[in-house]
Each structure stands twice: as C-alpha cells, then as structure tokens.
Amino acid sequence: MTSKIVHIKTFGCQMNKLDSALVTASLEKAGFRLTDTVKEADAVLINTCSVREHAEQRVLSHLGHLKHIKKQKPNVVVAVIGCMAQRLGPELLDDNTVDIVCGPAQIPQIPQIVTSALNEKHKLLSIKDSIRQKPDDQENLALDEFESTFDRAEQNLPGQAFVRVMRGCDSFCAYCVVPYVRGPEVSRPPAAIIDQVKRLADEGVKQVTLLGQAVNKYKYAAGQKSSCLADLLYLASEVDGIDWIKFVTNYPSEQFYDEILKAMADLPKVCPYLHIPAQSGSDKILRAMNRHYTAAQYLEMLDKARSIVPGIALSGDFIVGYPGETEEDFHVTVDLVKKARYKNAFIFKYSPRPGTKADKNLTDTVPHQIKRKRNTELLAVQEKISAELAQTFLGQTVKVLVEGLSKKPHLNSAEGRDNPQLVGRTATDWIVVFNGPPSLAGRFVNAKITKTAPLTLFADPAP
Ligand code: SF4
C-alpha cells in the first residue's frame, strides 16, 4: 500500500464538490494521505468547472502556480479532472505542468491512474470519446458503486450529505456546456439512492440534498414501474434519522411539477424550498437560450408553488447580457424578478462557452460594461426584495441546522472562543448567524431573529 500524499483543489458547483469528496474517499481507501498543503503533496488534483469562462481562467491561473511548484519538485504529479478535463482533453496535456487529464465519467479510475502516473512517470488521458453516447450498463454500475461506496457523512458539512440522483443533462440550454462535458441524463436506481440515504442516516446525517442538473426531471423506469422525483421524496422521507430533505436544481417544466409540489406539501421532512432558475424574463431571450417556457408560464409555476406549498421559499438564477439582450429585454427581466419575489437570486454575466449553440450561432453583442451595469442593477432589485423578506422574520423563532463556524465576520461579532459566531440554515434555506458553542455543528437549534440583512438573519439562541 502506498503512503503517497495527495492534495485536491475543487472549483465549481455542488456536483464537483461531491465528486471531489468521492475521489478523496477512494484515494484514502487506496492508501493515499490527504493534505491541505499543496507543497507537501506528491500528487495534486484540480477538479475543474467549465460553466463560466471565469471558472476556467481560475483553473489556468492555478496551473500557473503549480508550474512554479513543479520546478522545485519535478516529480509531483498534476491531474486535471472534471468538466474542463472532458472539454479540453489532450489540449491540457500539452501543458508541461499537467500529467493526468481525467473526465467526470472516469473518476472511479482515479486512484489507479494517479498510482500509475506516480510510479511510471508518464502522461495519462482518460476522457470519454463520445460524451453524448448513453453509458452502457457496466459504466453506470461502476459509477453507481463508486457513488454508494464512497459517499461518506464525514466528508460533508456536519449532519448533511449530498446524494446524486442523476448524472448529465439533456436540456441543451444554448449557453451551457454541461451536456457536452457530463453527457446524457441518466437517473440512478431508486433502491441504490435510498440505500445510500439509509447508510448516511446511520452515520449521523440529518439532512440530505438530492442532486441533479435538472433534478425535477429524475425518471427511472424498471419493467412496468417508473419512478419520478416525488417518489424518491416519499421513499427518502421514510428513512429514520433523516429530518430534512432538499433537492437542487430545478428546470422550469410542468413535467412532474405538481407531483413534486404535492410531495413537498405532504411530507414534513421535505423542506419548502425551491431553486428554480428563470435565466431571463424576456420570451425572446428565453427562446434564444433554448429554454422551453415563457416568462408568463414561469410566473404561473411560481404562483402554483406558493398555492400548493404555503410559505415556500423560492430562489432563482439569471444571466444578463445574453446575445441580443436589449434594454427592453433587460427591463422585462427586472419586472419578472420584482414579481417573483425570490428569497435570493444568483446573477451572472453572460460569457460564451466554446462548443455551445450560443457560441456557435450567436454574437456576443452586449458590451462588458453593459453586462456589469445590468448585473449590478438586477442585484440591487433582488437585494431590496431579499431585505424586505428577511425583515418579516424579525422576532420569530426558527429551526436551524447548524453548519459550523461562520467564515465571515458579521454583526454580533464573536463573543470569544467558547461562544463564537456560528452559521446555519433554515428549512427554507435562509442563512442564520448566531453565537454558540462549536459543538452545535450538525445539530438542530432554535434561534430567535433579532436583526436582518438582505441575505442573512441574525439571531440569539432560543429554547
Ligand atoms: S438544464 Fe440547461 S443550464 Fe442546467 S445543466 Fe442542463 S443545459 Fe445546463
């Protein structure tokens, strides 16, 4: 058994964080020791994201940093894994710093690939040649087993775990690279998912978040029986020890929508929170994005969510400065945000991603400064709404699952070592900050809201 030391740096979304956690556990099982210090490592893995240009630039600048380290320590093995590895493949190996390129579908092979590169000092490429080809049963089984074996409670936030219920995406939003780097949609068998949830519950997990690029499209057919996300929610709700179930992220589609909302309303463990990205409020831009709904249909879906699940919290995503977005298009997006009254929204400036339909067929017409201006304006509109919604919590006592120490200094600064500032989230995904002992991490507490900011509720512990 090797005692080599490995360092993993992760960029990107929750899917990537989950992949890194699985890879970490598989490397540990293979005898590697993990380090937070890059200079100490024999192998450095970078789990990459291709969703935005900025994310790829950060990876490239990190590779620049590793180049210096490699000058002093030429035997260190550098592996680029994840979405950017699949997108760029052999091109990345041209960089002298990079020894391994491994796509998301090949992550079960990582311990073996890293061992081989360390022993034999040669470059290795492991990506899927035809990424849109449906994986065969063997490939699905390997990924499923990898997932079930290495998803461990201890790798996540205390008391929480992420469980992937599907891989890939078939939506082909015109701006998005995910279908080209993560392959076609494949839903995992419900039995494997629920076994995993049970095992995580046995390890002390209280909240599971079911993950999928468009998780509401989850559909698994076996013989005559077909299961959707709502079925999974009912099954997961029966698992003893699990108190809260969340799921992200959702594509605005009527398919299974009523069933999912009904499950949310029926099942106390399913948190009343829905992240449902609109991306734009302009029908013209939505068409250009290949998103299959209109702004009016989208708002009707939000109304329906609020009528079936009273008190539901909604959040969204937007892209500003999409090719062809005029001032008028932007203003209808602002209108939609005002009507939607999200708890929060993530707003991004459009950047063309190579290989996507938007990049091939559309010209990036909106100047950068206009994108920036629209981004700032939309954020300000959302912040006002978030602030108003936050204020409705003043004086209320809420249940919070504590994540751990707060990373940022907030109002109510730390009162000392034994009572530092902690952060947690409510069932509706509001961030709550309060002072308390670090031992509360991973536990539910009640907290009385005393102050609010647009994205944060400040609280005192309550009985
Ligand atoms: S639903 Fe659209 S934006 Fe989301 S991952 Fe799939 S293609 Fe990308």
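This is a predicted model: local features need pLDDT of at least 70, side-chain atom pairs count only at pLDDT 80 or more; totals for chains, interfaces and linings use all residues.
1. Strand β10 (residues 207–211) pairs with β13, and the two run in the parallel sense over five bridges. To find the pairing by eye, look for Gln 207, which stands opposite Trp 244 in β13. As a reminder, strands of a sheet pair through backbone hydrogen bonds, either parallel or antiparallel.

2. Stay with β13 for a moment. Is this strand buried or exposed? Five of the five residues of β13 (residues 244–248) are buried, so the strand is largely enclosed by the rest of the structure. Here "buried" means that 20 or more other C-beta atoms lie within 10 Å of the residue's own.

3. Which way do the residues of β13 point? Trp 244, Lys 246 and Val 248 go one way, while Ile 245 and Phe 247 go the other way. Both groups are buried, and that includes Lys 246.

4. Now for the ligand. Its surroundings include three cysteines, Cys 169, Cys 173 and Cys 176. Also around the ligand are Ser 171, Phe 172, Val 178, Pro 179, Gln 213, Ala 214 and Tyr 251. What is the make-up of this shell by class? It has eight nonpolar residues, two polar ones and no charged ones.

5. Next, have a look at an open sheet of three strands, in the order β14-β15-β16, with parallel pairing. Its edge strands are β14 (273–275) and β16 (344–349), each of which pairs on one side only. From one strand to the next, the twist averages 10°.

6. Within that sheet, β15 (residues 313–320) and β16 are joined in the parallel sense over six bridges. Helix α15 (residues 368–391) lies across β15 and β16, and runs at about 180° to β16.

7. Finally, zoom out. The chain is divided into domain 1 (5–126), domain 2 (136–245), domain 3 (272–391) and domain 4 (397–462). The C-alpha centres of domain 1 and domain 3 lie 34 Å apart. Where these two domains meet, five residues of domain 1 are in contact with four residues of domain 3. On the domain 1 side of that contact, there are no nonpolar residues, two polar and three charged.

Key: Residues are numbered from 1 along each chain as its sequence is written. Domain bounds come from an automatic or database domain assignment. Two residues are in contact if their C-beta atoms, placed from the backbone, lie within 7 Å. Ala, Val, Leu, Ile, Met, Phe, Trp, Tyr, Cys and Pro count as nonpolar, Asp, Glu, Lys and Arg as charged, and the others, Gly among them, as polar. A residue is buried if 20 or more other C-beta atoms lie within 10 Å of its own, exposed if 12 or fewer, and partly exposed in between; C-beta atoms are placed from the backbone. Helices (H or I, at least four residues) and strands (E, at least two) are DSSP runs, numbered from the N terminus. Two strands pair if DSSP finds at least two bridges between them. A residue is near a molecule or strand if its C-beta atom, placed from the backbone, lies within 6 Å of it. Axes are lines fitted to C-alpha atoms, for helices over the stretch in contact, and angles run from 0 to 180 degrees between N-to-C directions.
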